[in-house]
Amino acid sequence: MLNLVSLLVTAALVSLHCSRQANALLERPKLIQHNNLESNEIPTPRPKRLHKYVKIHQGLPESITNPESPLVLQCVVWGKPAPVVTWLKNGLAITDFEEDSNEIFSSHPTSLAGLMSKLVVPVPANGDVYTCVGTAGSKQKTNSTTIYTDEDFVELELPTAPLITAYYYSILQVMGSSITLPCRHYSPTKAQVYWLNRDDKLIFDHPRMRVLPSGDLHIKDISFDTDMGVYTCTVKNSYGTDTASTFLYTFRA
């Protein structure tokens with residue numbers, strides 16, 4: 001009888017220990033890397049212990065000399081809530097020059113994310129200053145680069161493969177909320193956008209998931225069991241494709 005009691009107590013302790021380990025793993029965010037992600041990317045912090053912040057993790061060089069045309073600038077921003085990036089040219093919003101270049105997508109106050117943003121500069125001009133502005137809630141960081149070139153480029157709309165210009169590396173957000181995963185793109189010709197879910201199946205005619213006209217993926221009432229995982233956006237035109245993946249992690253409030 002004593003041996004039976006000892007066995008039951010031991011089993012209960014082992015079960016408790018395993019349960020604590022499992023809970024610890026569930027609270028630890030997972031980071032999925034893909035071929036566009038720097039190998040030295042910082043791990044995503046735990047959402048419950050993090051105050052609001054914004055950080056430009058991969059910024060612009062101080063200057064760029066004799067760039068090619070077109071020039072692609074990129075800026076990686078981490079923040080809580082999930083950050084947005086806007087671009088300035090000589091201190092003015094790019095929307096003053098190119099319509100819809102700075103479309104804003106909303107972020108949930110509980111979210112934490114890393115955002116890649118790219119800007120295509122068709123005609124780099126000497127002395128122009130481009131600024132990446134990362135914003136998360138009331139927090140903001142900026143990073144600028146100056147163009148130096150002897151070339152006088154002429155803008156040509158040459159057919160090229162599309163380029164995805166905004167997407168999350170990963171995002172953490174509370175269960176039960178709605179989320180929008182961005183997939184903005186640049187394409188000189190008409191392009192198609194489609195998303196694959198965490199099971200690598202095409203998202204189409206889904207009751208809770210919808211691809212928006214902008215190319216973003218909107219998901220309602222996210223849950224841990226059915227929605228956590230990697231979502232892949234693909235943009236395709238007649239000259240090629242570009243792909244980006246986002247890891248969605250959900251947690252309890």
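Predicted model: local features only at pLDDT ≥ 70, side-chain atom pairs only at ≥ 80, totals over all residues.
Which residues have the most contacts inside the largest nonpolar core?

The protein contains 16 strands and 2 helices. Of its 253 residues, 41% are buried, which here means that they have under 20% relative accessible area.

Now to the interior. In soluble globular proteins, nonpolar side chains tend to be buried together. Here, the largest nonpolar core has 49 residues, and L73, W87, L181, I219 and Y231 are those with the most contacts inside it. The strand that gives the most to this core is β9, spanning residues 163-174, with 7 residues.

Next, look at an open sheet of 3 strands, where the order is β10-β14-β13 and the pairing is antiparallel. β10 (179-181) and β13 (209-211) each have a single partner strand, so they stand at the edges with one side left without a neighbour in the sheet. From one strand to the next, the twist averages 20°.

Finally, zoom in on one pair from this sheet. Strands of a sheet pair through backbone hydrogen bonds, either parallel or antiparallel. β13 pairs with β14 (residues 217-219) in the antiparallel sense, over 3 bridges. Follow M209 across to β14 and you reach its bridge partner, I219. You have met I219 already, as one of the residues with the most contacts inside the largest nonpolar core.

Note on methods
Residues numbered from 1 in each chain as written. Heavy atoms only, no water. Helix = DSSP H or I, 4+ residues; strand = E, 2+ residues; numbered from the N terminus. Buried < 20%, exposed > 50% of the residue type's maximum accessible area, 1.4 Å probe, protein only. Core = buried A, V, L, I, M, F, W, Y, C linked by side-chain atoms within 4.5 Å. Pairing = 2+ DSSP bridges. Axes fitted to C-alpha atoms, helices over the stretch in contact; angles between N-to-C directions.
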